Amino acid sequence: MKHWRIDDVDWSRFDASKVDPELVPLVKAAAMVERNGQDYATYLGRVFVDDPDFRAAADYWAAEEVQHGDALGRWAMLADPSWDYQAAFARFRAGFKVQLDADASIRGSRTGELIARCMVETGTSSYYTALAEATEEPVLNQVCRLIAADEFRHFKLFYDHMKRYLSRENIGLLRRLRIALSRIGESEDDELAYAYHCGNEPETQPYRHEHCTAAYMARAMRCYQFRHIERGTGMILKAVGLPPRGRLSELSASLGWRLIQRRQRQYRQMLAA
Ligand SMILES: [Fe+2]
Ligand SMILES: [Fe+2]
């Protein structure tokens, strides 16, 4: 059962005067990545082929991710009536392929796969919380809050299954940490940048990875406040098996916060150049 439906959103409250034009390109790009969730469920179904409980959970999870895409897409079409969500998504689908022909996790173990999924849900839960707080537009605020609540539940879902596999596979702390950090680093890979391109740039314009990453990240990172990074850091530490609160968490959060601020400035400079 989904926790909410698109029709639960009070779309009639949409207020065009409160739309921040800097957030619209982010919502368009995010809509596409979310809408593509079904492919990840196919991949997870192959990796966890003999685990029917997890496969069923992954199918529910994917249905929620697809709904995130549809809700964000609908909002973006209100904010920009000239924008066509389905057409942009078709373009994205045609050019971006998730590797589906796996019979084992690309992370080297099922525990590793689930840690990587926890990193994605940490990122999305923090991001939609930040986006909800950054916007004054009431419908986007509601949509982002509903999505963020799902993303926190998704984290818990993957975390619980990860614990189950960890007791069997016994992956060491350093390996878990390395998997987590490498998945966080992949946020600058093609998926988001290409979604930004398909959502925001005309087909006639060639795709420039660096430019699209900078354009997306410079806007996205601006939405974060320290408390979002603090909470996300706790989730990352928890997922790898380190204490989510305390000295290590505080130090990691302030390091993460400084890194994000520095990256944001670098992306702004790249865009200006
Ligand atoms: Fe999502
Ligand atoms: Fe999610």
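Trainee: What volume does the largest cavity have?

Mentor: In this predicted model, the largest cavity has a volume of about 30 Å³. A search of the whole structure finds one cavity of 30 Å³ or more.

Trainee: Why is this space called a cavity?

Mentor: The word applies because a 1.4 Å probe fits at its points but cannot get out.

Trainee: Which residues line the largest cavity, and what makes a residue part of the lining?

Mentor: The lining consists of Ser-187, Glu-188, Asp-189, Leu-192, Ala-193, Thr-213, Tyr-216 and Met-217. Each counts as lining because it has an atom within 4 Å of a point. Two or more residues come from each of helix H8 (190-200) and helix H9 (209-222), and H9 gives the most, with three residues.

Trainee: How do you know that the lining of the largest cavity has four nonpolar residues?

Mentor: Leu, Ala, Tyr and Met count as nonpolar, and the lining includes Leu-192, Ala-193, Tyr-216 and Met-217; therefore these are the four nonpolar residues. The lining also has two polar and two charged residues.

Trainee: What makes the lining of the second largest pocket contain five charged residues?

Mentor: Glu, Arg and Lys count as charged, and the lining includes Glu-230, Arg-231, Lys-238, Arg-245 and Glu-250; therefore the charged class has five residues. Four nonpolar and three polar residues are also present in this lining. The second largest pocket holds about 260 Å³ of space.

Trainee: Which helix gives the largest share of the lining of the second largest pocket?

Mentor: H10 does, with five residues. The elements giving two or more residues are helix H6 (138-169), helix H10 (226-240) and helix H11 (247-272).

How values were computed
Residues are numbered from 1 along each chain as its sequence is written. Chains are lettered from A and ligands numbered from 1 in the order in which they are written. This is a predicted model: local features need pLDDT of at least 70, side-chain atom pairs count only at pLDDT 80 or more; totals for chains, interfaces and linings use all residues. Side-chain values use heavy atoms; hydrogens and water are left out. On a 1 Å grid over the protein atoms alone, a cavity is a set of points where a 1.4 Å probe fits but cannot get out, and a pocket is an open set with protein on both sides within 12 Å along at least five of seven lines; lining residues have an atom within 4 Å of a point. Grid points are joined across faces, edges and corners, and a volume is the space filled by probe spheres set on the points. Helices (H or I, at least four residues) and strands (E, at least two) are DSSP runs, numbered from the N terminus.
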